[in-house]
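The sequence and model come next.

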Amino acid sequence: MKHTISVMVENKFGVLARVAGLFSGRGYNIESLCVAPMMDPSVSVMTIVTQGDDRVIEQVTKQLNKLIDVIKVIDVTESDYIDRELMLVRVSAEREKRDEIMRVAQIFKSRVVDVGPKTLTLEVTGTDDKLDAVLRILRPLGIRELVRSGKVAMLRADPRK
């Protein structure tokens, strides 16, 4: 099963390498990893997506908690959370295809961020399911290049607070 793990860490040199090393040293794959500072610039949050059963994920979270620079580890998968991912996708866009690509962009609430003589580049934000759906529709039109950011996630607000 896919798990999304949020790891709050001290924003120091080498922390990312230690966290990634923990995964690779135990033979676990990181499917996506996104890291950025929080409001306090001395703290960063890592959003890690990995595969594993409950026992494996429990072992990973315990190992992460043992790292010195780790402040907090949460497997958000079992909680009520929000996630988003960003994708830039460059599509072949000969004149006869441009209207169709623009309609796809509009349907999926994405934006055209670059126009070339024979290409359009779309910015798509949403869940991984939404991004996968956009790719399924655009693939027959000719995807030239794409890049995805990896997932960012946070727990939903507690309605009692």
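Helices (H or I, at least four residues) and strands (E, at least two) are DSSP runs, numbered from the N terminus.

## Model and overall fold

The model is predicted: local features need pLDDT of at least 70, side-chain atom pairs count only at pLDDT 80 or more, and totals for chains, interfaces and linings use all residues. Residues are numbered from 1 along each chain as its sequence is written, and side-chain values use heavy atoms, with hydrogens and water left out.

The protein has four helices and nine strands. Read from the N terminus, the order of elements is β-α-β-β-α-β-β-α-β-β-α-β-β. Along the principal axes, the C-alpha atoms fill a box of roughly 55 × 40 × 35 Å. Of the 161 residues, 38% count as buried; here buried means under 20% relative accessible area, exposed over 50%, and partly exposed in between (1.4 Å probe, protein chains only). A contact means heavy atoms within 4.5 Å. Among contacts between residues at least 6 apart in sequence, 73% join residues at least 24 apart.

## Largest pocket

Grid points are joined across faces, edges and corners, and a volume is the space filled by probe spheres set on the points. On these terms, the largest pocket holds about 380 Å³ of space.

Its lining comprises 18 residues, of which Ser6, Met38, Val45, Ala153 and Met154 lie nearest the centre. At least two lining residues come from each of strands S1 (2–10), S2 (30–37), S3 (43–51), S4 (70–75) and S9 (152–155). The lining divides into 15 nonpolar, two polar and one charged residues. In this count Ala, Val, Leu, Ile, Met, Phe, Trp, Tyr, Cys and Pro are nonpolar, Asp, Glu, Lys and Arg are charged, and the others, Gly among them, are polar.

## Nonpolar cores

A nonpolar core is a set of buried Ala, Val, Leu, Ile, Met, Phe, Trp, Tyr and Cys residues joined through side-chain atoms within 4.5 Å. The largest one has 17 residues, and Met87, Val89, Ile101, Leu122 and Leu138 have the most contacts inside it. Strand S5 (81–92), helix H3 (95–107), strand S7 (119–126) and helix H4 (128–142) each supply at least two residues of this core. The most come from H4, which gives six. Apart from this core lies another, of 16 residues, including Ile5, Val15, Tyr28 and Ile57.

Leu122 touches Met87, Leu88, Val89, Ile101, Ala105, Arg111, Val112, Val113 and Leu138, not counting residues up to four places away in sequence.

Which residues of H3 are buried? They are Arg98, Ile101, Val104 and Ala105. Seen down the axis of H3, the buried residues fall within an arc of 130° (taken from the directions from the helix axis to the C-beta atoms), so they line one face of the helix. An α-helix has 3.6 residues a turn, so residues three or four places apart point the same way. The buried residues of H3 pack against S5, strand S6 (111–115), S7 and H4. On the other side of H3, Glu96, Asp99, Gln106 and Ile107 are exposed.

Lys109 lies in the loop between H3 and S6. Its phi is near 50°, a positive value in a residue other than glycine. Lys109 counts as exposed, at 72% relative accessibility.

## Other loop residues

Leaving aside neighbours within four places in sequence, Lys151 is in contact with Thr4, Ser32, Cys34, Thr47, Val49, Tyr81, Asp83, Arg84 and Glu85. Lys151 and Asp128, 23 residues apart in sequence, are 7.9 Å apart, C-alpha to C-alpha.

Leu67 sits in the loop between helix H2 (54–66) and S4 and counts as partly exposed, at 23% relative accessibility. Beyond four places in sequence, Leu67 is in contact with Arg18, Val19 and Leu22. Asp80, in the loop between S4 and S5, counts as exposed at 53% relative accessibility. With the sequence neighbours within four places left aside, Asp80 is in contact with Leu155 and Arg156.

Conventions. 1 Å grid on protein atoms, 1.4 Å probe; cavity = no way out; pocket = protein on both sides within 12 Å on 5 of 7 lines; lining within 4 Å.
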